[in-house]
Amino acid sequence: MNTNVMKPHVSLNVRNLEASLSFYEKMLGMKPTKVRPGYAKFDVQNPPLNFAMNEVPALEGNTSLSHLGLQVASTDDVMAIRQQWLDAGLLTRDEMETECCYAKQDKAWVHDPDGNEWEVFTVLGDSEVMASAPEGCCTTEGKCATA
C-alpha cells in the first residue's frame with residue numbers, strides 16, 4: 001500500500017509558551033493555528049511542517065525535543081507504516097482514538113537507538129482535552145505537559 005505522508009511533525013518542550021510563541025511567530029512569519037493552555041501548534045505550509053510546543057516550566061538541561069513524527073492522511077496509513085516498522089523488526093506501541101494535544105488521533109510509536117521517539121499519526125478531529133491519559137500525552141513516557 002502506498003501511504004500518504006502529509007508532513008513531518010516536530011514537537012518541542014518549552015519553558016515559557018508565551019515567549020516561545022512570540023519567537024516562532026516572528027521566525028515563521030505566521031500566527032499559530034491552535035493555542036490552548038500550555039500548548040500551541042503551527043501548521044506551516046512552506047515547507048510543510050506540523051510544529052507543536054508543550055510548556056514544561058521545570059525543563060532541565062537541553063531536553064527541549066519532545067518527539068518527532070510523521071502526519072499521515074488516514075488510520076489506514078498509520079497502520080501501513082506501523083506494519084512496515086514491524087516487518088523491519090522495530091518494536092511499536094499503538095494509541096488508537098486517543099485524545100492528545102487537543103486532538104483525537106490514531107497513532108503508533110517507535111524509539112530510535114538514542115531513545116528519540118517517533119510517531120506516525122492521523123488527526124481524527126479536534127478536542128478540548130490535552131491528554132486523556134492521566135500520565136499525559138505526546139510520548140510513550142507521558143513527557144508532555146498535561147492540562
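# Reading the salt bridges, helices and cores

Modeller: Aspartate 94 is partly exposed, with a relative accessible area of 32%. Keep in mind that this model is predicted.

Colleague: Which residue forms a salt bridge with aspartate 94?

Modeller: To read a salt bridge, look for the closest N and O atoms of the two side chains. Here the partner is arginine 82, and those atoms are 2.7 Å apart. The pair ties together parts that are 12 residues apart in sequence, because arginine 82 belongs to helix 2 (residues 75-87) and aspartate 94 to strand 6 (residues 93-100).

Colleague: Is arginine 82 buried or exposed?

Modeller: The cut-off for buried is under 20% relative accessible area. Arginine 82 has 18%, so it counts as buried.

Colleague: How many salt bridges does a search of the whole structure find?

Modeller: The search finds 9. One of the others joins arginine 93 and glutamate 95, at 3.7 Å from N to O. In that pair arginine 93 is partly exposed, at 32%, while glutamate 95 is buried, at 15%. Lysine 104 and glutamate 97 make another, with their closest N and O atoms 4.0 Å apart. Lysine 104 is partly exposed and glutamate 97 is exposed, with a relative accessible area of 55%. Salt bridges can also link up into a network, as they do for Lys34, Arg36, Asp126 and Glu128.

Colleague: What should helix 2 span, given its number of residues?

Modeller: Compare the expected span with the distance between the end C-alpha atoms. Helix 2 has 13 residues and should span 18 Å at 1.5 Å a residue; its ends are 18 Å apart, so the two agree.

Colleague: Which residues of helix 2 are buried?

Modeller: They are Asp77, Val78, Ala80, Ile81, Arg82 and Trp85. These residues pack against strand 1 (5-14), strand 5 (65-72), strand 6, strand 7 (103-111) and strand 8 (117-126). After helix 2 comes glycine 89, with a positive phi near 90 degrees.

Colleague: Where do the buried residues of helix 1 lie around its axis?

Modeller: The buried residues of helix 1 are Leu17, Ser20, Leu21 and Tyr24. Their arc is only 105 degrees, which means that they sit on the same side of helix 1. On the other side, Glu18 and Lys26 are exposed. Strand 1, strand 2 (34-36), strand 3 and strand 4 are included in what covers the buried residues.

Colleague: What caps the N-terminal end of helix 1?

Modeller: Look for a side-chain atom next to a backbone nitrogen at the helix end. Asparagine 16 is the cap, with a side-chain oxygen 3.0 Å from the backbone nitrogen of glutamate 18. Glycine 29 follows helix 1, and its phi is positive, near 70 degrees.

Colleague: How many residues does the largest nonpolar core have?

Modeller: The largest nonpolar core has 10 residues, including Leu12, Leu17, Leu21, Phe42 and Met53. Strand 1, helix 1 (17-28), strand 3 (39-45) and strand 4 (48-55) each give two or more residues to this core. Apart from it lies another core of 7 residues, with Val72, Ile81, Val110 and Val120 among them.

Colleague: What does leucine 17 touch, leaving out residues up to four places away in sequence?

Modeller: Leucine 17 touches Arg36, Gly38, Tyr39, Ala40, Met53 and Glu55.

Note on methods:
Residues numbered from 1 in each chain as written. Predicted model: local features only at pLDDT ≥ 70, side-chain atom pairs only at ≥ 80, totals over all residues. Heavy atoms only, no water. Helix = DSSP H or I, 4+ residues; strand = E, 2+ residues; numbered from the N terminus. Buried < 20%, exposed > 50% of the residue type's maximum accessible area, 1.4 Å probe, protein only. Expected span 1.5 Å × (residues − 1). Contact = heavy atoms within 4.5 Å. Core = buried A, V, L, I, M, F, W, Y, C linked by side-chain atoms within 4.5 Å. Arc of directions from axis to C-beta. Polar contact = N/O pair within 3.5 Å; in protein donor to acceptor, adjacent residues only side chain to side chain.
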